[in-house]
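Please read the following note beside the sequence and the structure. The points are numbered so that each can be checked in turn.

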Amino acid sequence: MEEILLEWAKAIHRENPVVDAHLDLAAEVYARRMYGERDVVERYYLPHFEEAFLNICVSSVFVSSRDLPERGLHTAVAQIAALREDLEPVSSRIRVVTDLSGLEESLREGRIAVLLSLEGLDPVGADLYLLRAFYDLGVRGAGLTWSRPNAFARGCCKAGEMYEISGGLTGLGREAVAKMEELGMYLDVSHLNNDGFADVLECASRPFIASHSNAWDVHPNYRNLREDQIKAIADRGGVIGLNACGTIAGVSPRQREAALIRLCQHAEHLVARAGAEHAGFGFDLCNGLSASTPRIHFEAEEDDILAHHGEVLSLSAALLERGMAEEVLTGLIGGNFLRYFRSVLR
């Protein structure tokens with residue numbers, strides 16, 4: 001029975017678009033190349049991408065707190081350059097795309113399309129002209145902040161913490177939302193606190209996403225979305241990406257069966273509350289970035305429920321076993337995010 005379900009899931013992935021709306025790929029590539037590694041994506045990611053029949057991957061550009069404020073801009077630009085350089089030898093299989101025509105061409109030719117998104121506007125500092133500069137570098141999405149305050153907003157607490165942070169968007173944050181919409185960049189609210197989310201509802205005029213967030217009612221965590229927030233994203237035409245981080249899902253990845261069940265529960269809840277057209281995948285797999293990050297203690301954090309993208313097939317099989325309809329699953333694995341990206345990319 002398990003083999004039949006896995007083959008069914010594989011057929012669905014093979015015949016329909018598959019999207020991961022959040023992966024810290026550029027940060028990991030930059031870190032590994034700084035220490036002399038090459039062909040990072042080809043060696044660590046591409047086989048698993050292809051195993052899952054992935055069509056689109058959104059790479060975040062994430063700057064850690066240790067690089068802020070002085071090296072924020074430098075690090076963000078260097079990550080983009082490092083990722084592009086690392087993909088050059090395998091450009092026939094995977095490449096960065098910056099517009100709708102490039103995305104459609106990659107889909108037709110069977111190449112994986114990589115979209116770039118800033119995970120927080122910290123590299124911009126307080127200068128919105130740099131937002132245009134990042135757009136010209138190919139960045140097509142952004143969150144106002146990561147889980148820390150900056151000139152634009154206050155983020156929610158980190159995933160492993162549990163306390164409310166008050167304070168919404170600054171005046172500059174509202175200007176940034178307007179500037180992003182003017183440029184044609186999409187807004188990602190995954191790391192905003194509750195006050196900031198409410199402010200986005202007031203000032204955003206276009207659909208926005210939560211690229212890697214789960215459901216508060218399944219597991220209370222300030223990185224997860226409350227029922228009214230889930231509904232608001234759906235009502236605006238946005239999409240919510242299922243997060244496979246154990247802390248955010250509320251389960252230890254070491255409990256393999258329980259972890260997969262919990263991930264299914266979050267997916268089913270998002271589909272039920274947002275609607276089948278407004279849920280997708282945004283797995284936020286961080287083990288690779290953690291393993292590539294220098295530290296005093298060398299035990300890498302391992303909080304990913306899915307060890308790699310190839311295991312997405314097991315998740316899809318589990319959802320089918322639990323009764324998810326095939327047409328709902330095709331939207332969840334990628335159809336919904338593809339529709340959204342087609343609507344926002346110029």
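Predicted model: local features only at pLDDT ≥ 70, side-chain atom pairs only at ≥ 80, totals over all residues.

1. Ala325 lies in the loop between α14 and α15, the latter covering residues 326-344. The C-alpha atoms of Ala325 and Leu87 are 36 Å apart, and 238 residues separate the two along the chain.

2. The next point concerns a pair of strands. Strand β1 covers residues 19-23, and five of its five residues are buried, which leaves the strand mostly covered. Its partner is strand β2, residues 56-61; the two pair in the parallel sense over three bridges. Within this pairing, Leu23 stands opposite Ser59 of β2.

3. The largest pocket holds about 1200 Å³ of space. Its lining is made up of 39 residues, and those nearest the centre of the pocket are Phe62, Ser64, Trp146, Leu289 and Thr293. By residue class, the lining divides into 14 nonpolar, 13 polar and 12 charged residues.

4. The second largest pocket has a volume of about 350 Å³. Thirteen residues line this pocket, with Glu2, Leu260, Ser314, Ala318 and Glu321 nearest its centre. The elements that give two or more residues here are α1 (2-15), α12 (256-274) and α14 (312-321). Of these, α12 supplies the largest share, five residues. The lining comprises seven nonpolar residues, one polar residue and five charged residues.

5. Which backbone atom does the side chain of Asn214 reach? Asn214 is found in the loop between α9 (194-203) and α10 (227-235). With a relative accessible area of 0%, Asn214 is buried. Its side chain reaches the backbone nitrogen of Asn243 at 2.8 Å. Leaving aside residues up to four places away in sequence, Asn214 touches Arg223, Asn224, Leu225, Leu242, Asn243, Ile248, Ala249, His266 and Leu270.

6. Ser106 is found in helix α6, residues 100-109. Ser106 counts as buried because its relative accessibility is 0%, under the limit of 20%. With residues up to four places away in sequence again left out, Ser106 touches Arg95, Val97, Arg111 and Ala113.

7. Helix α10 deserves a separate point. Its buried residues include Gln229, Ile230, Ala232, Ile233 and Ala234. Among the elements that cover the buried residues of α10 are α9, β7 (240-242) and α12. For the reader who wishes to follow the positions along a helix, an α-helix has 3.6 residues a turn, so residues three or four places apart point the same way. Just after α10, Gly237 takes a positive phi of about 90°.

8. The backbone geometry calls for some attention. Most residues other than glycine have a negative phi, and most peptide bonds are trans. Where does a cis peptide bond occur? Such a bond joins Leu68 and Pro69, with omega at about 0°. Pro69 is found in the loop between β2 and α5.

9. Positive phi values also deserve a check in residues other than glycine. Asp39 has a phi near 55° and is found in the loop between α2 and α3 (40-44). At a relative accessible area of 30%, Asp39 is partly exposed. Phe53 has a phi near 60°, and its place is in the loop between α4 (46-51) and β2. Phe53 counts as partly exposed, with 25% relative accessibility.

Key:
Residues numbered from 1 in each chain as written. Heavy atoms only, no water. Buried < 20%, exposed > 50% of the residue type's maximum accessible area, 1.4 Å probe, protein only. Helix = DSSP H or I, 4+ residues; strand = E, 2+ residues; numbered from the N terminus. Pairing = 2+ DSSP bridges. 1 Å grid on protein atoms, 1.4 Å probe; cavity = no way out; pocket = protein on both sides within 12 Å on 5 of 7 lines; lining within 4 Å. Points joined across faces, edges and corners; volume = space filled by probe spheres on them. Nonpolar A, V, L, I, M, F, W, Y, C, P; charged D, E, K, R; others polar. Polar contact = N/O pair within 3.5 Å; in protein donor to acceptor, adjacent residues only side chain to side chain. Contact = heavy atoms within 4.5 Å.
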